[in-house]
Amino acid sequence: MSVCAPENTSGKNTRVGQVADQLNTLGIYSTVRHPLYLGNFISWFAIALLTANYWFVCVFILIYWLYYERIAMAEKQFLRRKFGSKYLHWADAVPAFIPNILLFKKPALRFS
């Protein structure tokens, strides 16, 4: 299944650990390093806001950040070992969580 991204790109958790045949730096990954984590945050943040409880929203943000920061660090270590300077160059240029749409580069594959 391809959705504008090559198979086995940018890390995938499996029973044998993370898998990445190539580093995906195009499409949404050209604007933000962790688009899935950002999307999850927006979805859950919207639900947290529905509680109209300021403290709950603050606790949610803290817990979310602590949880996903650790996942992102593990992914970073894996990708840095696997792709070396190519990963470091991309990571230096692309923000981790706040997208920069001015950096957008068209994906190599069509949406399917």
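Ala, Val, Leu, Ile, Met, Phe, Trp, Tyr, Cys and Pro count as nonpolar here, Asp, Glu, Lys and Arg as charged, and the others, Gly among them, as polar. Keep that division at hand for the tour. The model is predicted.

**Stop 1: the helix pair**

Select residues 35-50, which form helix α1, and residues 54-83, which form helix α2. Their axes lie 10 Å apart and meet at an angle of about 165°. Angles over 145 degrees count as roughly antiparallel, and α1 and α2 are therefore roughly antiparallel to each other. The crossing of α1 past α2 is right-handed.

**Stop 2: the contact between them**

Now show side chains. On the α1 side, select Y37, N40, F41, W44, F45, A48 and L49. On the α2 side, they meet F56, V57, F60, I61, Y64, Y68, I71, A72 and E75. By class, the residues of this contact are 14 nonpolar, one polar and one charged.

**Stop 3: the cavity**

The structure has one cavity of 30 Å³ or more, and about 60 Å³ of space lies in the largest cavity. To find its centre, select H34, E75, L79, Y87 and W90, the closest to it of the 10 lining residues. E75 also belongs to the α2 side of the contact with α1.

Which elements give two or more residues to the lining? They are α2 and α3, the latter spanning 85-93. The most comes from α2, with four residues.

Finally, colour the lining by class: five residues are nonpolar, two polar and three charged.

Note on methods:
Residues numbered from 1 in each chain as written. Predicted model: local features only at pLDDT ≥ 70, side-chain atom pairs only at ≥ 80, totals over all residues. Heavy atoms only, no water. Axes fitted to C-alpha atoms, helices over the stretch in contact; angles between N-to-C directions. Parallel < 35°, antiparallel > 145°, perpendicular 65-115°, else oblique. Left-handed = near helix turned anticlockwise from the far one by under 90°. Contact = heavy atoms within 4.5 Å. 1 Å grid on protein atoms, 1.4 Å probe; cavity = no way out; pocket = protein on both sides within 12 Å on 5 of 7 lines; lining within 4 Å. Points joined across faces, edges and corners; volume = space filled by probe spheres on them.
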